[in-house]
Every structure is written in C-alpha cells, then in structure tokens.
Amino acid sequence: MTSSEIRKIFLDFFRSKNHTIVPSAPMVVKNDPTLMFTNAGMNQFKNIFLGNTEPVSRRVADTQKCLRVSGKHNDLEEVGRDTYHHTMFEMLGNWSFGDYFKKEAILWAWELLTEVYKIDKERLYATVFSGYEPDGLGPDEEAAEIWKQVLPDDRIIPGDRKDNFWEMGDTGPCGPCSEIHIDLRNDEERAAVPGRELVNKGDSRVIELWNLVFTQFDRKSDGRLEPLPHKNVDTGMGFERLCMVLEGRKSNYDTDIFRTIINKIAELSGKEYDPEGRTGIAMRVISDHLRAICFSIADGQLPSNVKAGYVIRRILRRAVRYAYTFLNVEEPLLYRLVPTLTDLMGEQFPELKAQRTLIEKVIKEEEEAFLKTLDKGIKLMDNLTEANKESKLIPGYDAFVLYDTFGFPIDLTELIAKEKGYEVDLDGFRKELGKQKERSRNAGSKEESDWTELVPDGKSEFTGYDVDEEKGVRILKYRTVKNKSGKTYQIVLNRTPFYAESGGQTGDTGTLTGADGYKTEIINTIKENGLSIHIAKELPSDPEGNFTASINVERRKATASNHSATHLLDNALRSILGSHIEQKGSYVSPEYFRFDFSHYEKVDDKMLREVERKVNSLIMMNIPKIEKRDIPIEEARREGAIALFGEKYGDKVRMVRFGDSVELCAGTHVNATGEIGFFKIKSESAVAAGVRRIEAVTGIAAENYIYENEDLIKSIDELLNGTPNLLNGIRKIIEDNSSFKKKIEVFEKEKSANLEKELRGKAENINGINVIRFTGEVSPDIIKDVAFRLKNGNSNTVFAAGTISAGKPVLTLMYTDDLVEKGLHAGKDIRTAAKIIKGGGGGQPFFASAGGKDAGKLKEAVGLLVENATKQL
C-alpha cells in the first residue's frame with residue numbers, strides 16, 4: 001500500500017463507523033495563548049473537552065498536521081538520527097465526545113489493524129494503566145478485560161502513570177490510556193527475547209503504534225481529579241510510523257513519504273544517500289524539516305525572530321546548516337524541493353498547491369540570508385581562533401554570542417573549532433544559554449488559580465454584534481492570574497458585548513457596573529479555549545450580583561472602522577494589483593491597522609495612490625454592510641466569500657459583505673462604509689519574500705496624520721524663509737551640504753597629515769618600542785586616519801590616543817604588524833583601559849577603539865594603554 005492508500009483506508013473505516021471526517025486544523029495555532037503549534041490531534045477539539053463548545057458530531061475522525069519542536073514535546077534533536085522521530089508529522093485519530101467509550105475504541109482499533117490492514121496479530125501488544133495511589137486511582141481493569149477478548153494475558157502489559165495516563169497539561173482534561181505496540185523484529189529475535197520485555201524500553205523495533213486515551217477526569221490546580229460530565233475517547237496513531245509498518249520498512253524515512261524527497265536531495269546535491277553515514281542523517285533532517293517549514297508557511301506563519309516565527313526560522317536554518325556542512329551545498333537547496341513535496345502531499349493538503357509560489361520565495365530568501373550569516377560566522381570564528389590561539393579554547397560566552405546574536409549554531413562552532421584543533425567551552429556556553437532561558441521564563445511565567453464557578457455549566461454568549469451594553473449580566477466564573485507585572489482577574493460572563501481579541505483585532509475595553517454603582521474597569525478581553533475572558537485589575541465587591549457590561553464605544557467604533565477598512569483595502573489591492581493578492585495577516589487596533597498580503601515586488605507610489613483613491617471612493621459610496629451569521633461554509637463560498645489560509649473555520653460561519661468585498665470574518669464592522677470617514681496609507685514595506693505590509697489609518701487618526709504632515713511642511717517652509725519653491729530650496733541645501741562635505745574631507749586629510757607629522761616628532765622610546773601618544777579634541781575619523789598613517793611603513797610602534805568627540809571620551813589603540821606577530825592584541829588590551837573612562841570597546845589585533853563616559857580620566861587611560869603594551873614585550 002502507498003501512503004495515500006493507507007490514509008484513505010483509515011478515514012473510510014471510521015466513516016463506516018458513523019464518524020464525521022473533518023479536515024486537519026492549521027498546524028500554526030492562532031487565538032490560543034497556551035499553544036504556538038498544533039502538537040497533538042486533540043488540539044482542535046480542546047474546547048469540546050473543556051465543555052466550552054458543543055461538538056458538531058459526537059463521532060469524529062481525521063488526519064491532523066502536527067509539529068513538535070518546543071516545550072515538553074520537543075523531538076528536534078532526535079530528528080534524522082533515529083528511524084522514527086519527526087518535527088512535523090500526521091496524526092490519524094478518532095474521537096468520541098460523550099458517545100462510545102473503551103469497548104468500541106479498543107475493538108475497532110483491533111479490527112482496523114488486524115482485519116483491514118492485515119497486521120500480524122502475534123506481533124501486537126497492549127498496555128493498560130496500572131493505577132496511581134496518590135491520585136486514588138486503581139488499575140484500569142475495564143480496559144484490560146476488553147483486551148482479553150482479542151489478546152492473551154501475556155501480551156497485555158500494565159503501565160505506570162508516565163506511560164499510561166494522559167494529561168493535556170498541568171490542569172485540565174486527562175485520563176488513562178491504552179497503547180498498542182508492535183514488534184518488528186525477525187522471528188529469531190522474537191524467539192530469543194519476548195516482545196513484552198521490550199515494550200516502552202526504547203527499542204526502535206518494538207514501538208508504540210496507536211494510543212487510545214480515555215478522557216474521564218479534570219485535573220485541578222491543586223492536583224485533585226474530578227470526573228468529567230461526559231467520558232470521551234481521544235486516539236492518535238502516527239501516520240508515518242503506520243506507513244513504515246505496512247510498507248514493510250525498517251525506518252519511517254524509507255517509506256514513500258520521505259524517500260521521494262530524499263531521492264531529490266541526493267540528485268540536487270550530487271551525493272548518494274548513505275543510511276548509516278553523516279550524509280544520510282543530513283538528508284533525513286532536510287526531508288523532515290522541509291515538511292515542517294512548508295506547512296507552516298502555507299498555514300500563514302512566516303519565519304521571523306519572535307515566537308512561532310522564530311521556531312520556523314530555527315528549523316529552516318538547521319536544515320540549511322546540515323546541507324552546508326554535510327552535503328557541501330553552499331547555495332539555496334530547500335526551495336528547490338518544494339515542488340517535490342507539493343506533488344507528494346498536495347492532494348490531501350491543497351494549501352500546499354495554492355501557496356507553492358509563496359513558499360518557494362520565502363524559503364529561498366531565508367536560505368540566502370542564512371548562508372550569508374554562515375559565511376559571516378565563519379569569519380568571526382577565524383577571529384576567535386586567532387584571539388585564543390594560546391589556550392586553544394573558544395570561550396563559552398563568545399560561542400553564545402555567535403549563537404544568540406548571529407544565529408550561528410553551536411554544533412557548527414564545535415565542528416569548525418575541532419577542524420582547527422580547538423575546543424569549545426560547552427559548560428560556559430550552556431551557562432549563558434541557561435541564563436537566557438531563565439530570563440525568558442521569568443518574563444513569561446504566570447500563576448493561574450482554579451476557576452471559581454458561580455454558575456456551574458453556564459454558557460457564555462457574545463452579543464456585541466448588536467449591542468454596546470448588556471444589563472442583568474451574571475459572572476459565570478472567575479480566577480486570579482499572577483505574573484511579573486502583578487495580579488489580575490479573569491472573568492467570564494453569561495452575556496457579553498465585549499469582543500475578545502482574535503483574528504488580528506484587539507479586544508474591547510469598558511466597565512462592569514454593579515447594583516451599587518461601582519464600576520470595575522475591564523482593561524482587555526481575550527479569547528482562550530473558546531471563552532471570552534474579561535481582564536480586570538480588581539474583582540467586583542459582589543461577584544454573585546447582577547451587572548451592566550458596557551464597552552468603550554468610541555474605541556470600538558475606531559476599531560470597527562479600521563477592520564472594515566482592511567476588507568476594502570483587500571478588495572482594492574485585488575482589483576488593482578491582481579487576483580493573486582491574498583491576505584497573510586493583519587493587526588487591527590483603534591489607532592491604526594496593518595495588512596499583510598502576498599505580492600512579489602514593492603508597490604510603487606503611483607499604485608498606492610490608486611489604491612487609496614479606490615478605498616476612499618468605496619467609503620464615499622456609503623455601501624451598507626450585509627451580514628449573514630451561522631450560515632453553512634459552502635453557502636458562503638458559493639457567494640464568493642474569501643477564506644484565509646491558516647484559519648480554522650467551522651461548519652457554520654459569519655459572512656460580511658460590502659459591495660464586491662465578501663469575506664468570512666468574526667470581527668466587528670461599521671454598518672456602512674461612510675462611517676469610516678477617510679482612509680490614508682502611512683507606509684508600504686516588505687515583511688518577507690513575497691509578502692508586503694501596508695500600515696494605514698482611518699477617520700480622525702487619518703485627519704491627524706494629514707495635519708501632522710501639513711505642519712511639518714509649514715515648519716520646513718519657515719526654516720527656508722518662505723521660499724517660493726520648497727523643493728528647489730531643499731535641493732539647494734542638499735547640494736550645498738555635499739559641496740561642504742567634500743571641502744571638509746580635504747581639510748581633514750590635511751589635518752591628519754599635519755597631525756601625523758607632528759606626532760612622529762614626539763615619539764618616545766620605552767623599552768625599545770616607539771610609543772606615540774595623543775590627547776585632545778579631534779574627530780574619530782581623523783584620529784583613525786592618523787593611526788593608519790602611522791602604521792603604514794612603520795614597525796615596532798604603538799599609538800595610543802584619547803580624544804573627545806561630541807562631549808564623550810574615545811580611546812584608540814594601534815599596533816604595527818610586527819608587534820601583533822609578537823602576541824599583542826589591541827582588541828583585548830583596550831578593554832582594561834576602557835573601564836577607567838567607564839566604557840567598553842574592542843577591535844582587531846592591530847587596531848581597536850573604545851567609548852566611555854568619564855572624559856576626565858582620558859590621560860590616565862592612555863597611560864595605561866602604553867604601560868600594558870610596553871610591559872608585554
């Protein structure tokens with residue numbers, strides 16, 4: 001069977017068991033502060049498990065794109081080194097939400113594996129939860145008895161809490177699980193050592209195939225377990241691992257899922273695939289990472305330096321580094337593999353086909369940038385090896401700076417150091433890395449209490465599309481959150497007009513007014529696990545009372561104007577630049593908005609002006625909003641509604657129309673375009689390869705932006721004494737400035753030459769070394785030129801200078817080449833003297849400079865430079 005057939009058989013089997021087959025959720029998670037990426041099949045159903053959302057169907061099955069590269073689910077360093085770890089993988093799963101339970105889950109899994117896929121029954125083992133006394137839980141005898149219907153006792157293995165009790169997190173839904181393992185060893189090996197002795201023991205040939213989770217408890221923050229109102233089933237089977245078994249391979253990477261990509265890597269690199277060698281590891285890493293990168297970009301996550309974007313950039317750079325180091329590929333390679341992946345997986349995941357051009361462009365630009373970084377890093381390594389040639393040890397701090405500041409991987413630092421006969425202080429590196437992680441943990445750490453439920457099982461309803469205020473509101477539940485900035489309260493209401501931050505739109509602010517008239521300020525509204533959560537700095541005095549919930553109306557109007565303007569802008573860009581335009585992200589606040597879109601070149605000023613005119617004409621037409629709520633998504637698509645890649649839509653959606661602009665959107669909007677008032681673009685820039693960004697303002701903010709620019713022009717005009725032609729006046733200033741600069745350059749060269757001549761005559765002989773020192777007010781450029789003049793054609797010479805520039809002290813140190821050959825290093829030596837002027841600096845062995853704050857200590861610092869240099873020889 002091919003991988004496509006294996007996937008289809010799984011979905012067809014559960015369709016025959018009356019399961020609804022749902023599409024994979026995006027791999028990149030949005031609107032969930034607890035997750036960056038989907039790391040398990042159950043993520044998209046979390047709100048159902050928590051009881052915040054009703055399921056569309058009680059029985060569901062799918063294949064889910066997952067990514068595990070951070071937190072406790074981090075397989076990154078194992079990828080490529082063994083046969084089965086991956087960053088991105090597919091998780092086949094079936095779910096029951098309060099419908100069937102252990103019996104059906106176990107017997108259907110057995111039926112699919114043994115009767116449909118025809119896996120040898122003698123090779124299968126099942127584990128069951130053995131109990132955990134601190135939680136008051138006994139063995140899962142129910143699951144064990146069901147397994148006895150199909151397996152002998154010696155192939156039903158008790159498992160501890162670590163292997164056989166699944167938890168979503170420190171708190172939340174959890175329950176016992178039963179794993180199905182398979183023994184892939186040959187008959188001789190199986191006869192020698194029973195498979196049950198190798199289950200969950202790390203043997204790569206006796207592996208977990210399917211995990212059946214029976215979610216029946218809710219873990220509280222104090223560790224207590226409470227029964228869930230409905231018992232659920234959550235199963236997950238690694239698709240790649242299943243393909244390995246059914247295709248008769250010994251490695252996931254030998255299946256058709258990966259070998260097609262690996263063969264292409266071998267062709268493009270000119271290297272043979274050696275499963276046991278370093279080239280084999282590199283090709284497996286690249287084939288795995290390619291999938292993670294492409295699916296992330298297709299789901300709307302571009303590589304960047306923050307959060308999820310940083311994770312993707314790290315994965316991409318890791319793949320580039322493996323190609324560079326082990327395949328000797330010094331040009332972009334990954335983007336050339338995108339067509340192969342698209343052909344392989346594009347049918348099941350059409351977003352790959354639709355986004356192929358964008359994916360190629362983004363990856364190529366990232367590869368080119370990182371290859372330059374690698375080149376720069378290698379040059380920096382040359383400096384480090386030169387600076388540490390006596391100890392033959394690269395300091396951990398310097399290795400960390402390479403890693404943290406320049407993105408240079410530590411293992412590559414080790415490799416280059418080893419080739420030159422050096423070692424890296426890995427303990428020092430890990431210490432610096434630990435400090436960084438600790439800083440990140442402290443910055444992001446928070447402590448949440450359990451929810452205090454005032455209305456058990458109460459449901460929350462959003463009414464903000466229709467009203468700005470709700471009376472007679474009740475608090476369903478609340479909790480306390482403590483973090484570095486202090487304590488806040490999270491409040492859930494039964495009815496709320498507050499829009500919760502999602503879809504790029506910021507959350508509403510406002511007040512909760514109690515019966516006593518006291519107002520509790522709501523400083524933000526966020527969405528978590530499907531709930532609208534109101535953030536307050538204090539709790540109402542009587543949480544069980546009735547309240548009036550009121551939003552900040554002016555803030556909401558400004559936000560709605562900006563959100564509706566994004567729809568009009570999207571429409572204008574498509575009509576003027578072309579139908580290839582696709583939204584790639586947005587941020588909508590009351591003050592301004594930004595809109596990211598796919599386009600492969602800069603939008604020139606003429607086009608931007610045309611776009612502005614188009615949007616403002618749509619505003620002046622005062623087009624009314626036509627809104628349809630809770631309509632089938634297929635109906636919305638038939639009406640031409642635009643859906644965004646990387647967004648998860650339900651079966652029922654909200655559609656917003658302004659004339660020809662038709663989009664699926666849950667945000668707040670104006671009732672007619674005329675309410676927007678006026679639209680003005682502030683800037684257009686690049687975000688990544690093939691992605692542009694427009695920042696714009698509307699209404700009063702747009703007016704103020706025009707006024708600010710008018711005031712600026714008036715101020716410039718006043719500076720030019722009301723010149724009849726402002727442009728010509730500015731042009732003349734620029735031309736005069738250029739002319740003056742040239743004259744200054746000539747003057748400075750003359751001054752440098754004169755100063756050099758003067759200093760040569762003042763040279764001292766100290767311990768047989770020519771020492772030239774200087775203190776005074778001279779520009780850094782002149783003193784640097786003097787230093788290089790003194791270096792050229794001279795030997796056995798030290799130049800130490802202390803100058804003041806713009807009121808701040810600067811030290812300069814130069815050694816001639818022969819002194820550098822004897823071991824002097826200006827970059828190192830200047831650091832000690834820089835401390836005297838309360839500063840720091842560095843540089844090359846022959847030339848260095850340092851800035852500081854205490855100009856009164858310049859002569860002392862220069863004296864120390866001379867003293868240190870002459871003592872070393």
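**View 1. Helix α15 in this predicted model has a buried side and an exposed side.** The helix covers residues 410–419, and I410, L412, T413, I416 and A417 are its buried residues. Look down the axis of α15 and you'll find these buried residues within an arc of 160°, so they line one face of the helix. Turned away from the buried side of α15 are K418 and E419, both exposed. Just after α15 comes G421, with a positive phi of about 80°.

**View 2. W147 and W210 sit in the largest nonpolar core.** This core has 117 residues, and these two tryptophans touch the most other members. Which helix gives the most to this core? That's α9 (residues 278–298), with 12 residues. Now zoom in on W210: leaving aside residues up to four places away in sequence, its contacts include F10, F14, L112, L113, I180 and M237. The list also has N94, S178, E179 and T235 among its members. Elsewhere there's a second, separate core of 40 residues, and I772, A800, A833 and V862 are among them.

**View 3. Six strands make an open sheet with mixed pairing.** Read across, the order is β32-β33-β34-β35-β37-β36. The edge strands, β32 (764–766) and β36 (840–843), each pair on one side only. On average, neighbouring strands here are turned by 20° against each other, direction ignored. Strands β33 (residues 769–776) and β34 (residues 797–805) run parallel, and seven bridges join them.

View 4. A disulfide is a covalent bond between the sulfur atoms of two cysteines. For C174, the closest cysteine sulfur is in C177, 11 Å away, which is too far for a bond. For C243, the closest is in C66, at 15 Å, again too far for a bond. Are C174 and C243 buried or exposed? C174 counts as buried because its relative accessibility is 0%, and C243 is buried at 0% too.

Conventions:
Residues numbered from 1 in each chain as written. Predicted model: local features only at pLDDT ≥ 70, side-chain atom pairs only at ≥ 80, totals over all residues. Heavy atoms only, no water. Disulfide = S-S within 2.5 Å. Buried < 20%, exposed > 50% of the residue type's maximum accessible area, 1.4 Å probe, protein only. Helix = DSSP H or I, 4+ residues; strand = E, 2+ residues; numbered from the N terminus. Arc of directions from axis to C-beta. Core = buried A, V, L, I, M, F, W, Y, C linked by side-chain atoms within 4.5 Å. Contact = heavy atoms within 4.5 Å. Pairing = 2+ DSSP bridges. Axes fitted to C-alpha atoms, helices over the stretch in contact; angles between N-to-C directions.
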